Amino acid sequence: MKQNFPPLPPFTKENALQKVRMAENAWNSRNPEKVALAYTENSQWRNRDSFLSGRAEIIAFLTEKWQKEQDYKLIKSLWAFNSNKIAVRFAYEWRDKAGQYWRSYGNENWLFASNGQMSERHASINDVKINKNERKLLWEDKKRPDDFPSLSALGL
């Protein structure tokens, strides 16, 4: 029997917003195994120029990603939704091993299975060099505080 991962499709605005925040919180944990549980066993990804298939490839990809992207902080924002699809825009900031800070902007399209796991993820992402003093995603813990400004409020 398949385990459910609420909220389940069909999505309403309220539970689509909840799903987006849950995804943001999971990614900010920087725990590849935890994040991968949100995806079906055979989930298909396009992330920039990488094409992934299945949880093992997702875990390997995220492990490498967060070794490269230090001090990772992410905000996601609901863009659109329908019965079993959600589109988000996002920004995240990180530092490379040489100490250069970056802000990455993007859009994702998500398709969900009936049990609430994501079966497809398509991400388009652009990176911009920033100075340390230009960072905007500044909070202490891995999870973004509920009262932290949104992408729009930050001008992102």
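A residue is called buried when its relative accessible area is under 20%, exposed when it is over 50%, and partly exposed in between, with a 1.4 Å probe and protein chains only. Ser83 is partly exposed, because its relative accessible area is 40%. Ser83 sits in the loop between strand 3 and strand 4.

The model is predicted, and local features need pLDDT of at least 70, side-chain atom pairs count only at pLDDT 80 or more, and totals for chains, interfaces and linings use all residues. Residues are numbered from 1 along each chain as its sequence is written, and side-chain values use heavy atoms, with hydrogens and water left out.

The chain contains three helices and six strands; helices (H or I, at least four residues) and strands (E, at least two) are DSSP runs, numbered from the N terminus. Their order along the sequence is α-α-β-β-α-β-β-β-β. The radius of gyration is 15 Å, close to the 15 Å that the globule rule gives for 156 residues, so the chain is as compact as a globular protein of that length. This radius is taken over C-alpha atoms, and the rule is 2.2 Å times the number of residues to the power 0.38. Along the principal axes, the C-alpha atoms fill a box of roughly 50 × 30 × 25 Å.

Next comes the interior. Of the 156 residues in the chain, 46% are buried. In soluble globular proteins, nonpolar side chains tend to be buried together. A nonpolar core is here a set of buried Ala, Val, Leu, Ile, Met, Phe, Trp, Tyr and Cys residues joined through side-chain atoms within 4.5 Å. The largest such core has 29 residues, and those with the most contacts inside it are Trp27, Trp45, Leu62, Ile86 and Trp110. Elements that give two or more residues to this core include helix 1 (13-29), helix 3 (55-68), strand 4 (85-95) and strand 5 (101-112). Apart from this core lies another, of eight residues, among them Ala91, Leu137, Leu154 and Leu156.

Contact means heavy atoms within 4.5 Å. Not counting residues up to four places away in sequence, the residues that Ile86 touches include Phe11, Val20, Leu78 and Trp110. Ala23 lies in helix 1 and counts as buried because its relative accessibility is 16%. Ala23 and Val35 are twelve residues apart in sequence and 7.9 Å apart in space, C-alpha to C-alpha. Among contacts in the chain between residues at least 6 apart in sequence, 57% join residues at least 24 apart.

Which residues does Ser83 touch, not counting residues up to four places away in sequence? They are Pro9, Pro10 and Phe11. Ser83 and Gly99, by contrast, are 16 residues apart in sequence and 43 Å apart in space, C-alpha to C-alpha.

Some backbone details remain. Most residues other than glycine have a negative phi, and most peptide bonds are trans. The peptide bond from Pro9 to Pro10 is cis, with omega near 5 degrees, and the bond from Pro6 to Pro7 is cis, with omega near 0 degrees. Pro10 belongs to the segment before helix 1, and Pro7 is found in the segment before helix 1. Arg30, in the loop between helix 1 and helix 2, has a positive phi near 55 degrees. Arg48 has a positive phi of about 60 degrees and is found in the loop between strand 1 and strand 2 (50-53).
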